[in-house]
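Good morning, and thank you for joining. I would ask you to keep the sequence and the structure in view while I speak.

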Amino acid sequence: MAMKTTLVGGFPKIGDRIEEQKLRKSFHQFDKDELSEEALEQVKDEVTEEVIQLEEANGIDLLTDGLIRWEDPLRYFVSRVSGFELSGLIRYFDTNTFYRQPVCESRLETIKPIFVRDFEFARGKSSKPVRVILPGPFTIAKLSVNHFYKEQKQFVFDLAHLIHKEALQLEEAGCEFIQFDEPALLSHKEDIRLFFDVYRIVTAQLSKSEKTIFFNFGNIQDIYPKILDLPVERLGFDLTQGHPNWEVLAKAKMTKKLMAGIIDSRNTKMEREADLLSLVGGLGSIADPDETWLTHNYSLEFLPRENAIQKIKLLTQVASQQKGAGVS
Amino acid sequence: MILETTTVGSFPKPEYLTKSRFQFSKQQISREELLRLEQQATKEWVEFQEEIGIDILVDGEMYRGDMVTYFAENFKGFEISGLVRSYGNRYYRKPVAVAEIERLNPVTVEWYQFTQALTKKPVKGMLTGPYTIMDWSFDEFYPSRRDFCLRLAEVIREEARDLEAAGAQFIQIDEPAVSVRPEELDLAIEAMGIVTNGLKAKTLTHICYGNFEKIYPKMLEIPVDQIDLELSNAEYDLLDLFKRHPFTREIGLGVVDVHSHRLESKEEVKKRIRKAASLIPLKQIYVSPDCGLKTRSVEEAKAKLRVMMEATLEVREEFGSEGA
Ligand SMILES: [Zn+2]
C-alpha cells in the first residue's frame, strides 16, 4: 500500500570530505601512471558499494548502482561497442555538463555483455532489488554522428538490437528491473513512430523483467497518451511542482505504471515536505498509487553529494509519511 | 584600420601562478604574495599582446578561477556549493543564491585600472552576463529564473558603469549560456538591456557552445554593439546562416579553435576571415579566437594568437585601401 522510492540513475561520484574523494584522486594517479587500471577499477567498485549502502541506509527501496563507472550518459556503453569512435565534448542538453560525441565509423557490434557484471556486482552488495539503467538507443543515435549507415534508421535499429541484447542478458542474469533512458524523444517528438519501431526491437522476447522508459529534458505534450502504447510496463516523467507534465497527464488515464520525479535534482533548494505530500496526493488521481514509484527528475549527479543525500532523505521521508497517511 | 584584433578574455595561467594559487588555498603563501604574482602574470600577458600587435587588449584573468564563481564570490547573497562534476574528472563549485544579490564594492575595476596603466592600447572591461550567472548557479532564494536573472542584471549594470567611469572604452559582458535555451533568449535580451542601457563605451558579448541556428537571427537583438562568436569550432556552418539573414552588428570572428591542441595554419585562418568578409562588411569584423584560451597551455595559446595575428595582417594587406 506504499509507494516505493528509487533513484533515476546517477549519484555524485565524490563528496566534499576527504574520504569521499578517492575516486577523483585515483583518476589523477591513473592519469600520471601511478595507478594501474585494475586498481582504478577496484576503487570504482568500492565507491559503487558505498553508494549502494548509502541508498539502502537512507531507505531507498529500489537501488541503482549510482552509475559511478559512467563517464557520461553515453560513453560507458558506446566505448565498449566496436564501430564507434569518440569525438569532441558536447554540451548535454541544457546542462552545464558535457559528453563525448560518439561517431559511428563502421558496423556496430558488441563482443561481450557490458552491463551484466555491474548488475551482479551491485546485487551482491544489497538485499534490495537493483534496477539497471541502460542508455536508450534512440537517444544514443540522436546525440551521435553517423558516418557509416546509409540510412539513419538502420543506425538506430542496430543500436536497438545491441541494447536488446544487453537487456536479454540482464534478464538471464536475474535482473528484475530495467530502465531505458530516452531524454532525446522530448526534443524530437516528430520521430515518435520511429521510436515505437525501436522499442519493438528493444523489448522483443523480454518477458521476465519490468521495463521502464524514463523521459526528461522536456515535457510529454503531443506524445501523451500515445506513448502509453509503448511495449514497456512503466513510464517515468518529470513531475516536479508546476511542471507542464501535470497538465498533460490529467488528459488521459495512465494505463501504465508510473515513475514520478517529484523532487528537483538540478537545484539545491529543498522542497517543502507539505508541498511534496500534496504532489504525491495528486499522483493518486493519475496512476495506481500502489504501483507508483517516487523519485527525482534528473540524475543526482547535478547536485553536490551532500545535497543529493538531503534530497534522498526527503524523498524517503515523504514516501513513509504518505504510507502513514494511507492516501486513498 | 580594418579587421581589428582582440581576444575573448582568459589566457592560461603560467605554472608559477597555478602553483601559488594552490599554495594560497593551503594558506602557505599570503594574499599579498599571490597578488604580486597575479600582477606579474598580467604584465607578461600585456607585453605579449603588445609584442604581437593585438589591437584591443585584455588582462587575461590571471586572478579569476571560474568566470561565474569569481563574481559570485564577490557579490553578497551568494554562497558556494559543494563539488559538482562537469566532465570526466573535472569538478567545480557552483554559486548558490541564498539571499538578495548585492554588490558591496566594485569587483573588476581595480584590475582594469592596473592593466590599462600598463599600455596605451585600450583594455576591455570583462564581465560575466546576468543570464549566464543565473543559469550556472543554484537558486534557493528567488521565486523564478526570471527574477534571479533580472536582479543580477541590476548588479552587473553597476559594475559596467563603474568600469566606464574608470575609463573603459570597451565593456564585454559574456553570455556563453545564451545559446543553450532558445526559449529564454527574450529574458537574456531583456537582462542585457538593463546592463548596457545608457553606456557610452562600446559593448560586446561573447556567446559559445552554439546551437546558433536556433537563436539566429533573433540573437542580433541582444543590445550590444558587437557579438563575438565561436565559429571555427563549428566549421563555419554559421556563415551560411548569414547569407539568409545578414549579420547586422559588429562581429567578433572566432578564427582559432580553443578546444583543440592542433595549431591552425595561417592559410586556414586567412580562408576563414575571407569567407566572413564575403558576407559581412569589413568594417564590422573584429578578429579573435573562438573562446577564452585558458584551457590551452601557455605555449599553445601564444602559438594560436601568433597565427591569428599573422593571418589577419596578411588579409589586411589583401584588402588594402578597400577598407581604409
Ligand atoms: Zn566561449
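Predicted model: local features only at pLDDT ≥ 70, side-chain atom pairs only at ≥ 80, totals over all residues.

I shall begin with helix α7 of chain A, residues 192-203.

How enclosed is α7(A) by the rest of the structure? Nine of its twelve residues are buried, so the helix is largely enclosed. Among the buried residues are Ile192(A), Leu194(A), Phe195(A), Phe196(A) and Val198(A); Tyr199(A), Ile201(A), Val202(A) and Thr203(A) are buried as well. Their packing partners in chain A are α5 (137-142), α6 (152-172), β6 (177-181) and β7 (210-214). After the helix comes Gln205(A), which has a positive phi, near 65°.

Is Thr268(A) buried or exposed? Its relative accessibility is 3%, and therefore it counts as buried. Leaving aside residues up to four places away in sequence, Thr268(A) touches Leu303(A), Pro304(A), Asn307(A) and Lys311(A) in chain A, and Val96(B), Phe138(B) and Glu140(B) in chain B. With Glu140(B) there is also a polar contact between the side chains, at 2.5 Å.

Let us now consider the salt bridges. How many salt bridges does a search of the whole structure find? Over all chains, the search finds 52.

In chain A, Arg17(A) pairs with Glu19(A) in a salt bridge whose closest N and O atoms are 3.1 Å apart. Arg17(A) has a relative accessible area of 47%, so this residue is partly exposed.

In chain B, Glu159(B) and Arg103(B) form a salt bridge with closest N and O atoms 2.7 Å apart. Glu159(B) belongs to helix α6 (residues 145-165) of chain B, while Arg103(B) is in the loop between β3 (90-102) and α4 (109-116) of that chain, so the pair ties together parts that are 56 residues apart in sequence. Glu159(B) is buried at a relative accessible area of 1%, and Arg103(B), at 15%, counts as buried too.

A further bridge, at 3.6 Å from N to O, joins Arg272(B) and Glu268(B). Both residues lie in helix α10 (residues 266-277) of chain B, four residues apart, or about one turn of the helix. An α-helix has 3.6 residues a turn, and therefore residues three or four places apart point the same way. Arg272(B) counts as buried at 15% relative accessibility, whereas Glu268(B) is partly exposed at 23%.

There is also a network of salt bridges with members from both chains: Asp94(A) and Arg266(A), together with Asp135(B), Arg145(B), Arg181(B) and Glu184(B).

How values were computed:
Residues numbered from 1 in each chain as written. Chains lettered and ligands numbered in written order. Heavy atoms only, no water. Buried < 20%, exposed > 50% of the residue type's maximum accessible area, 1.4 Å probe, protein only. Polar contact = N/O pair within 3.5 Å; in protein donor to acceptor, adjacent residues only side chain to side chain. Contact = heavy atoms within 4.5 Å. Salt bridge = Lys/Arg side-chain N within 4 Å of Asp/Glu carboxyl O. Helix = DSSP H or I, 4+ residues; strand = E, 2+ residues; numbered from the N terminus.
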